[in-house]
Amino acid sequence: MAARGVTSHGRYGPEAAMTGGEALVRALAAHGARMAFGIPGTHNLEIYRHLEPYGIRHVTPRHEQGAGYAADAFARVTGGPGVAVTTTGPALLNIAAAAGQAYSDSVPLLIVSPGMPLRHPRQPTGMLHEMRSQTEALRGVAAFSHRVSTVEEIGAAVARAFTLFRTERPRPVHIEVPLDLLEAAERVGGVRLAPPSAERRPGAEPVREAAAALLAARRPALVLGGGARGAAAACRALAEELGAFVVTTANGKGIVDESHPLSLGVSLHSPSVQKALTDCDVVLAVGTELAESDLWSAPPSALGGTLIRVDVDPAQMYAAMPADVALVGDARDSLRALRKATAGQRLASRATVNSAVAALRGERDAETAARDARWIPYLRAIRNVLDEDAVITSDSAQCCYYGAIPHLPVGPRGRYLHPTGFGTLGYALPAAIGAKSAYPGRQVVALSGDGGLQFTVQELATATQLGLPLPVVVFDNGGYGEIRDEMKARGDTPTAVDLPRVDLPRVDLPALCRAYGGGGTHAASPGALADALARALKTPGPTVITVPEETTV
């Protein structure tokens, strides 16, 4: 981390002169930023000028949406904010979808961009990339959009962003620096730093009330969302001590090892699991909205028993399913206090609980066996090849939300990154680039459908340029399979969902990857997929492996 007032340009005293671009980069470096994703443009060159001198590495995607998804994944796997740099106008709007996804999934994403000059008139002038209001546009998808008015204010704006990341529910934020301030040199003071993270514990009385409810429960359960990730060990220990089954959201996938006897994995959408939760005396929900995107249906107004909610966001206590007992605080601090209050208690026979969970797991799987059978052999092949700490990124595709999310087990050492809530397409490939940039030595695999991949397929060029092994497994059903099925279910004739025409073949995605400088092959069986994946994990650059959908039925 750059020392206060020190850069490779020399030492700056409390009243040093520097451009807005340097003040911005200096503030990012002082807060620990070591990587940025973005595309240089006419108006942001003063930012790029200072990245390398301040020790910030840079990855250049081929589209700003890709930059946003890459920075999002970087944040998810590292636990720290992801930084994306855009230029003005269309570039900033290009990243808006990624900002919306980060907002939905509570990801700390920092977007920095230039803006129109400080005294730019409200009347349009026809200036390059001019738009009515960048800040108003980004406020719709971010926690805040901060347009600074002096070079000195830039450091405070960055500190404001990192304060939010450290003390509130993580959300994307946008900082806009008028392009004339980027180039202008003004005297500024030392770096302003956000305060360090502090313990965020719930009150003693709610903890006592929650502990008493759990200790009295005969049928307890844990529901874990992405906000519980920092408390993985405590969640597992509490489940084992109380004899509680564990179910997670997509963002909570793998917090408790999905091979654990008490785990039901990602199955909040299962009618059997929903009924089991309704039959519980107590449900402890940690770091989850319990929303439609988690349940795949509108949430009920309440569960059958006591609902204890743990969340850093107080608004969650009365949203969706209101809490009967509200523990407002960080998951790690809250679970530590709760475990202390329930220490040494075990209320059910381990064998009895394990048997009940195994039976419930069988009911869950039977509900979707016919639909999901097409993907399961291929997902087993993928799992058998990957290391325990592999990172899997996924798209809003049938093979992911019906296939991999419930049927590809992940443990606490691994990660599965999925665009829930906002449900964007095109996430998997650029997200894999972001995760691989964060951890070049870990296995990273993108999992997508042919429709979703083509939203950001140009990022194959970025992956080629990085030169790191990056398999991209694509289940190819020739279009938008989910929407095709929904049209058929309505009795409609499928329209605009089949990407190839009758007289044209499907896009040869492996050949497209080869054209970008990577590799590619087709895998018509689980064994062929396993072999191709093993090779791709050792081959520099991206490798697209397609599984033709008709071979999976």
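View A. Helix 16 itself spans residues 376-385, and its buried residues are Ile376, Tyr378, Leu379, Ala381, Ile382 and Arg383; buried stands for under 20% relative accessible area, exposed for over 50% and partly exposed for what lies in between (1.4 Å probe, protein chains only). Helices (H or I, at least four residues) and strands (E, at least two) are DSSP runs, numbered from the N terminus. This is a predicted model, in which local features need pLDDT of at least 70 and side-chain atom pairs count only at pLDDT 80 or more, while totals for chains, interfaces and linings use all residues. Residues are numbered from 1 along each chain as its sequence is written, and side-chain values use heavy atoms, with hydrogens and water left out.

**View B. Helix 20, its packing and the glycine that follows.** Within helix 20 (residues 459-466), Glu459, Leu460, Ala461, Thr462 and Ala463 are the buried residues. They pack against strand 5 (57-59), helix 3 (64-78), helix 18 (428-438), strand 20, helix 22 (509-515) and strand 22. After helix 20 comes Gly467, which has a positive phi near 70°.

**View C. Ala73, a buried residue of helix 3.** Ala73 has its place in helix 3, and because its relative accessibility is 0%, Ala73 counts as buried. Leaving aside residues up to four places away in sequence, Ala73 touches Leu417, Tyr427, Ala431 and Ala435. By contrast, Glu363, which is 290 residues from Ala73 along the chain, has its C-alpha atom 34 Å from that of Ala73.

**View D. Two loop residues with positive phi.** Ser106, although not a glycine, has a positive phi of about 55°, and this residue lies in the loop between helix 5 (96-104) and strand 7 (109-115). Its relative accessibility is 22%, so Ser106 counts as partly exposed. Ala320 is likewise not a glycine and has a positive phi of about 50°; the loop that holds Ala320 runs between strand 15 (306-311) and strand 16 (325-328). With a relative accessibility of 39%, Ala320 also counts as partly exposed.

View E. A cavity is a set of points on a 1 Å grid over the protein atoms alone where a 1.4 Å probe fits but cannot get out, and lining residues have an atom within 4 Å of a point. The largest cavity has a volume of about 80 Å³, a volume being the space filled by probe spheres set on the points, which are joined across faces, edges and corners. Its lining is made up of Ala23, Arg26, Ala27, Val151, Glu152, Gly155, Val188, Gly189, Gly190, Val191 and Arg192. Helix 1 (20-30) and helix 7 (151-167) each contribute at least two residues to this lining.

**View F. The chain as a setting for the close-ups.** The secondary structure of the chain comes to 23 helices and 22 strands. Taken along the principal axes, the C-alpha atoms of the chain fill a box of roughly 70 × 70 × 45 Å. Of its 553 residues, 57% count as buried, and among contacts between residues at least 6 apart in sequence, 75% join residues at least 24 apart.

Notes:
On a 1 Å grid over the protein atoms alone, a cavity is a set of points where a 1.4 Å probe fits but cannot get out, and a pocket is an open set with protein on both sides within 12 Å along at least five of seven lines; lining residues have an atom within 4 Å of a point. Contact means heavy atoms within 4.5 Å.
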